[in-house]
Structure formats: structure tokens, C-alpha cells
Amino acid sequence: MEEELIEMELKEVKAIEPDKILEDGSFEDFVSQEEKMEHLLFTLDNRPVMLVEKGGTREILAMVRTDTAVLLQLAGEDPEQTEDSLAYRMIQTFRQLGLTQEKVVVWDEKDCVLQTKLYMRKADGTPFDMELQLEDGLLVSMLAGIPFYVNRKLLQGFEYKGISRKDVGAELLLLEMMTDRMLEKEMEEAIRTENYEYAGLVKRVQDARKQEAEGN
């Protein structure tokens, strides 16, 4: 399994500016106030984090809760401030039980959710693992000082069906949350304003969604 894993590290916790998202002209044209508020609440409750291949260039953008994003920043700057967190207490409990934490692995993706496991070893050498949410896995990796891996095949998939993760920003996050009808209107607006670069991004998201539907 080792040769199929790529070690990743946290590059940054990105910030999304809600005002800029909501001020977008085409967004204003067809999204109701209720839908707009839902997008805004999602933006405020979640933060994107960028993971980069250790010693490489491939990147993954993932969403974590805002409180977890704060803890991730503290874990990198002042780990002692995370002592009240569930992840920190969990690590201490494992150590008291004689479990050695070895690595965290993102091994699959189901329904757009990254499946993450913490691999450990019992005192007698028996391997042991447990499933975690991605954000908890990131925290455990940083606080326990153990490597964080992503399955190579999954990482290749995170070229994200033709969309380079290096170019991912608030626009792509918004597109991924849109319905098919919304994407069609985004395409119409992009063509009307001759914003062909954005139209290409919308098309790739539409194509990826179509391929997923055909595959299912």
C-alpha cells in the first residue's frame, strides 16, 4: 500500500470573502435571497484549506469547519493552545492505551466526502485503524506529528476531472454548489460577456458532472 500513497502537508487555510461572492453580477440575477443566504452561511461556517504534495506540486482544496480551520492554524503556530480540543485529548487517550499513531490516510472519496483513516499499532504490534473525518485527520496528523497521506489514485482524480487545483478559488467552490440550471445560466452570462476563461471553467464542471452521472 505504501507505494500508492503520496504524503501531503497543510499549505494554507484560505479565506473566502462573502461580499465578493454575493456581489457577483450573474449570481445576483438568478439567485433568490433565501438561496443567497444559504450560500453565505455555508461560506461563514466553512473554510477551504489547501494541501500540497510534500516535495511536489500537486494540490488538493478541501472544506473544513471554521472552528477546525482555527485549530489547524494554532496547531502550526502554538500547539499548546489546542489542548482543549477533541483531537488533542484523543491523541493523549490513545497514548495512555498504548496505541502508537503512525499515519493518517485519505483512502477514498464517496459522495464528495473524503474517506480518512488513522492507522495505529497496539503495544503488541497488532495494526489497528479507525475512520475519521478529514478535518479531524488533519488535526491529529499535525498534533501527533505523524505523516498525512492521500491515495495516489485519488490524488490523480483531484486534478478534479480536468480542473487544475492550482486554479481553484471561490469561483470553483461556488460552481460546485450550483444546480445544473444555475450552471447553464452561468455559461450564458459568461458567453454574453465574452468571459471565455470562466466559460471554460463552467463547462469543465458541467462535463465532470455529466461523466459522473453516466458512470453512475
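Trainee: Which residue in β7 is the bridge partner of E7?
Mentor: In β7 the bridge partner of E7 is Y149, and that of M8 is F148. Before we go further, this is a predicted model in which local features need pLDDT of at least 70 and side-chain atom pairs count only at pLDDT 80 or more, while totals for chains, interfaces and linings use all residues. Residues are numbered from 1 along each chain as its sequence is written, and side-chain values use heavy atoms, with hydrogens and water left out.

Trainee: How many helices and strands does the protein chain come to?
Mentor: The secondary structure comes to 10 helices and 7 strands, where helices (H or I, at least four residues) and strands (E, at least two residues) are DSSP runs numbered from the N terminus.

Trainee: Back to β1 and β7, how many bridges join them?
Mentor: Strand β1, residues 5-13, is joined to strand β7, residues 148-151, by 4 bridges, and the two run antiparallel. Two strands are said to pair if DSSP finds at least two bridges between them. β1 also pairs with β2 in the antiparallel sense, over 5 bridges, and there E9 stands opposite V52 of β2.

Trainee: And what is the strand order of the open sheet?
Mentor: The order in this open sheet of 7 strands is β3-β2-β1-β7-β4-β5-β6, and the pairing is mixed. β3 (59-65) and β6 (127-132) stand at the edges with a single partner strand each, so one side of each has no neighbour in the sheet. On average, neighbouring strands are turned by 35° against each other, direction ignored.

Trainee: Which strands does helix α4 touch?
Mentor: Helix α4, residues 66-77, packs on the sheet and touches β1, β2 (46-53) and β3, its direction making about 120° with that of β3. Axes are lines fitted to C-alpha atoms, for helices over the stretch in contact, and the angles run from 0 to 180 degrees between N-to-C directions. Helix α6, residues 134-144, lies across β1, β2, β3, β4 (100-110), β5 (113-121), β6 and β7, and runs at about 155° to β4.

Trainee: At what angle do the axes of α4 and α6 cross?
Mentor: They cross at roughly 15°, and the axes come within 10 Å. α4 and α6 are therefore roughly parallel to each other; by the convention used, angles under 35 degrees count as roughly parallel, over 145 as roughly antiparallel, 65 to 115 as roughly perpendicular and the rest as oblique. The contact, meaning heavy atoms within 4.5 Å, is made by T68, L71, L72, A75 and G76 of α4 and by E135, L138, L139, M142 and L143 of α6.

Trainee: What does that contact of α4 with α6 have by class?
Mentor: It has 7 nonpolar, 2 polar and 1 charged residues. Here Ala, Val, Leu, Ile, Met, Phe, Trp, Tyr, Cys and Pro count as nonpolar, Asp, Glu, Lys and Arg as charged, and the others, Gly among them, as polar.

Trainee: New topic. How far apart are the axes of α5 and α6?
Mentor: The axes of α5 and α6 are 9 Å apart, with the helices packed at an angle of about 60°, and the two are therefore oblique to each other. A87, Y88, M90, I91 and R95 of α5 meet L139, V140, L143 and A144 of α6. That contact has 8 nonpolar residues, no polar ones and 1 charged.

Trainee: Where is the place of F94?
Mentor: F94 has its place in helix α5, residues 86-96. F94 counts as buried because its relative accessibility is 9%, where buried means under 20% relative accessible area, exposed over 50% and partly exposed in between (1.4 Å probe, protein chains only). Setting aside neighbours within four places in sequence, F94 is in contact with L99, Q101, L118, M120 and M130. F94 and M120 are 26 residues apart in sequence, and 9.1 Å apart in space from C-alpha to C-alpha.

Trainee: What about V49, buried or exposed?
Mentor: V49, in strand β2, counts as buried because its relative accessibility is 0%. Leaving out neighbours within four places in sequence, the contacts of V49 include L10, V13, I60, L72 and L138. The C-alpha atoms of V49 and V13 are separated by 4.4 Å, although the two are 36 residues apart along the chain.

Trainee: And what share of the protein chain counts as buried?
Mentor: Of its 216 residues, 43% count as buried.
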